Amino acid sequence: MASPPGRNPRTRVHVVSDVHGNARDLARAGEGADALICLGDLVLFLDYADHSRGIFPDLFGTENADRIVELRTARRFEEAREFQRRLWAGIGTDKAAAIEKAVRRQYAELFAAFPTPTYATYGNVDMPPLWQEYAGPGTTVLDGQRVEIGGRTFGFVGGGLRTPMRTPYEIDDEEYAAKIEAVGEVDVLCTHIPPELPELVYDTVARRFERGSRALLDAIRRTRPRYSLFGHVHQPLVRRMRIGATECVNVGHFASSGKPWALEW
């Protein structure tokens, strides 16, 4: 739609998070937008809705995937880790090498699907050291950094906080807080995890509270960005709410919806 005479053209950005292997829809996610923003979790280790999909069932089969989901959902994390140790011992394969090989296959497909330009940050299940190998010239990877899009400043902070799940890119609260501090005042604050509020961190299907960030919540209250955009919680109790002047939005579980969230100004 054309802008009224005398006004600058409008800018439209599409935002996705928790892609988890959905390369088909990712290839179309930037259509009609000036830029795509990705808030991480490209990798699919295990689909909790379909236990036949992901790196884990590819290696160990759906029946074992059923069992690991059962244990994790019951929060029996130590039993889950012991079960996984027995599975790895049984196949006699180097765990790190096998996982990296599978992740590389997914990254090759997913990064190739990114449109130009894409601005991306890491999720807690991602492997940051591999990203620069696959990010093409049209993809800018940001973590604790800022970028201007259409005259607005966007800040990016990737990764998650420590949990019993021990996913690949979990960091200490202090390190995460330092990245939030480095971003400073922005118009749009883009993170993988939400601010630490019960309504935003509770997953209604998994029936548990995920980790949110207190440092992120404090920064929102202090710096008052227009928007705080995030993902991580696949089926949140509340998808959006205001914290003072800031509209906080869970942009959705892209792996299942296949649809980006749109921001226009």
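Trainee: Why is α3 said to pass α4 in a left-handed crossing?

Mentor: A crossing is left-handed if the near helix is turned anticlockwise from the far one by less than a right angle, and right-handed if clockwise. α3 passing α4 falls in the left-handed class. Keep in mind that this is a predicted model: local features need pLDDT of at least 70, side-chain atom pairs count only at pLDDT 80 or more, and totals for chains, interfaces and linings use all residues. Residues are numbered from 1 along each chain as its sequence is written, and side-chain values use heavy atoms, with hydrogens and water left out.

Trainee: How do you know whether α3 and α4 are roughly parallel or antiparallel?

Mentor: Take the angle. The axes of α3 (residues 62-73) and α4 (residues 77-91) come within 8 Å and cross at roughly 160°. Under 35 degrees counts as roughly parallel, over 145 as roughly antiparallel, 65 to 115 as roughly perpendicular, the rest as oblique. So α3 is roughly antiparallel to α4. The axes are lines fitted to C-alpha atoms over the stretch in contact, with angles from 0 to 180 degrees between N-to-C directions.

Trainee: What makes the contact between α3 and α4?

Mentor: Contact means heavy atoms within 4.5 Å. α3 brings Asn-64, Arg-67, Ile-68, Leu-71 and Arg-72, while α4 brings Phe-77, Glu-79, Ala-80, Phe-83, Gln-84 and Leu-87. By class that is 6 nonpolar, 2 polar and 3 charged residues. Ala, Val, Leu, Ile, Met, Phe, Trp, Tyr, Cys and Pro count as nonpolar, Asp, Glu, Lys and Arg as charged, and the others, Gly among them, as polar.

Trainee: Why does the pair α7 and α9 get its own orientation label, and which one?

Mentor: Again, the angle decides. The axes of α7 (residues 173-183) and α9 (residues 214-223) come within 9 Å and cross at roughly 20°. That makes α7 roughly parallel to α9. Ala-177, Ile-180 and Glu-181 of α7 meet Ala-215, Leu-216, Ala-219 and Arg-222 of α9. The classes are 5 nonpolar, no polar and 2 charged residues. The crossing of α7 past α9 is right-handed.

Trainee: What makes the protein as compact as a globular protein of its length?

Mentor: First the inventory: 10 helices and 15 strands. These are DSSP runs, helices H or I of at least four residues and strands E of at least two, numbered from the N terminus. The radius of gyration is 19 Å, close to the 18 Å of the globule rule for 265 residues, so the label holds. The radius is taken over C-alpha atoms, and the rule is 2.2 Å times the number of residues to the power 0.38.

Trainee: What makes the backbone at Asp-18 and Thr-116 worth a note?

Mentor: Most residues other than glycine have a negative phi, and most peptide bonds are trans. Asp-18 has a positive phi near 55°. A cis peptide bond joins Thr-116 and Pro-117, with omega about 0°.
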